[in-house]
Amino acid sequence: MLYFLVEAASGLWRGWKASLLAILTIGVSLFVWSAFLLAGQNLSRTLEQWRGEARLIVYVSSAASDEERAALERRVAEAVWVDEVSGVTAVEAQDRFRQAFPSLDELLQGWAESPLPASLEIKLEREAPRDRVASWIDELQADPAVEMVDDDRDWIDQLESIAMMAQTVGLVIGLVLLGAATFTIASVVRLNAYMYQDEISIMRLVGATEFLIRGPFYFEGLLQGMVGGLLASGALWLVHTGLLTTFATDGVLVDLLMRDYLHWSRIVLMIAIGALAGLAGAVLSLKGEALSLDDA
């Protein structure tokens with residue numbers, strides 16, 4: 001194995017230009033895939049947190065009487081899938097608006113009655129049946145005391161679909177680029193094999209096994225893929241750190257997509273995928289046309 005490693009490193013050094021192209025190709029492919037993976041991981045984490053904080057907001061009609069509002073609150077609290085109910089008065093709604101958007105305070109002034117209605121904030125159980133809850137929401141919307149019902153889970157579901165689509169697109173792009181990188185490594189290893197035709201012929205004449213002959217070329221592809229994986233992980237870390245440093249205070253989107261770095265196990269997986277892709281390219285390079293070396 002040490003012999004294979006030394007010979008592979010020597011071959012990479014001699015043809016460093018072609019090897020650099022192969023390494024950069026596989027590095028770019030793994031970087032694109034890992035960038036989508038990182039963004040998807042952070043977005044999924046954020047969405048999971050939001051789902052735990054999601055609320056069903058029932059806006060109470062301003063024309064509803066106190067008795068109707070009390071009856072509505074009792075009706076909501078009696079539902080088996082309701083975990084918690086809290087009432088928000090119109091005054092409290094205005095205070096919340098001012099705290100969240102202090103520069104828009106003037107929008108609340110000059111109204112004969114409160115522009116923001118009272119509401120009921122409902123926390124549903126995590127395992128609440130979606131179909132039955134949907135029917136229950138339809139019944140609430142038909143209540144004359146209800147102005148509108150807003151379910152936070154609807155837009156969270158939409159964001160989860162977008163996140164899944166983005167990760168799928170990233171995976172497809174990464175696989176296409178990884179295939180191109182494997183082909184590039186195969187071409188580089190095949191070129192090196194032809195450069196050493198005379199040496200290979202002599203090794204066969206003295207009884208060298210095929211494993212001993214092909215081993216350095218396999219290791220060459222393995223090293224190219226491994227270095228490409230390390231390059232991709234390093235570039236991803238630099239981009240991740242740079243974005244967090246640059247947008248530390250006001251980068252909401254960066255915080256949403258890049259707050260946490262990939263777990264070390266995924267970094268190891270990325271480097272392993274690069275190494276396997278390089279090995280696959282080397283194995284493919286010594287088949288087909290390259291088998292003519294056997295006849296030397």
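User: Which describes α6 and α7 relative to each other, roughly parallel or roughly perpendicular?
Analyst: In this predicted model, helices are DSSP runs of H or I with at least four residues, and strands are runs of E with at least two, both numbered from the N terminus. The axes of α6 and helix α7 (residues 197-205) come within 5 Å and cross at roughly 65 degrees, where axes are lines fitted to C-alpha atoms, for helices over the stretch in contact, and angles run from 0 to 180 degrees between N-to-C directions. Angles under 35 degrees count as roughly parallel, over 145 as roughly antiparallel, 65 to 115 as roughly perpendicular and the rest as oblique. The two helices are therefore roughly perpendicular.

User: What kind of model is this?
Analyst: Residues are numbered from 1 along each chain as its sequence is written, and side-chain values use heavy atoms, with hydrogens and water left out. Local features need pLDDT of at least 70, side-chain atom pairs count only at pLDDT 80 or more, and totals for chains, interfaces and linings use all residues, the model being predicted.

User: How many nonpolar residues are in the contact of α6 with α7?
Analyst: A193, Y194 and M195 on the α6 side meet Q197, E199 and I200 on the α7 side, a contact being heavy atoms within 4.5 Å. Ala, Val, Leu, Ile, Met, Phe, Trp, Tyr, Cys and Pro count as nonpolar, Asp, Glu, Lys and Arg as charged, and the others, Gly among them, as polar. Besides 1 polar and 1 charged residue, the nonpolar count is 4.

User: Which describes α7 relative to α8, roughly parallel or roughly antiparallel?
Analyst: Helix α8 (residues 210-246) packs with α7 at an angle of about 155 degrees, and their axes are 10 Å apart. That angle makes the pair roughly antiparallel.

User: How many charged residues take part in the contact of α7 with α8?
Analyst: From α7, the residues I200, M203 and R204 meet E210, L212, I213, R214 and F217 of α8. The classes are 5 nonpolar and no polar, and the charged residues number 3.

User: What is the strand order of the open sheet?
Analyst: Two strands pair if DSSP finds at least two bridges between them. β1 is joined to β4 by 5 bridges, and β2 pairs with β3 over 6 bridges. Strand β1 (residues 56-60) is joined to strand β3 (residues 119-124) by 4 bridges. With antiparallel pairing, the order of the 4 strands is β2-β3-β1-β4.

User: How many residues of β3 are buried?
Analyst: Buried means under 20% relative accessible area, exposed over 50% and partly exposed in between (1.4 Å probe, protein chains only). Helix α3 (residues 66-78) lies across β1, β2, β3 and β4, running at about 5 degrees to β3, while helix α6 (residues 152-195) packs on the sheet and touches β3 and β4. β3 is largely enclosed by the rest of the structure, because its buried residues, out of 6, number 5.

User: Where D143 is concerned, is the residue buried or exposed?
Analyst: D143 sits in the loop between α5 (130-141) and β4. Its relative accessibility is 17%, so D143 counts as buried.

User: Which residue's side chain makes a polar contact with the side chain of D143?
Analyst: Leaving aside neighbours within four places in sequence, D143 is in contact with L72 and R75. A polar contact is a pair of N or O atoms within 3.5 Å; within protein, one must be able to donate a hydrogen and the other to accept it, and residues adjacent in sequence count only if both atoms are side-chain atoms. At 2.9 Å, the partner is R75.

User: What separation do the C-alpha atoms of L257 and G40 have?
Analyst: L257 is in helix α9 (residues 252-258), and its relative accessible area of 24% makes this residue partly exposed. Apart from neighbours within four places in sequence, L257 is in contact with L38, A39, N42 and L43. L257 and G40 are 217 residues apart along the chain, yet their C-alpha atoms are separated by 7.2 Å.
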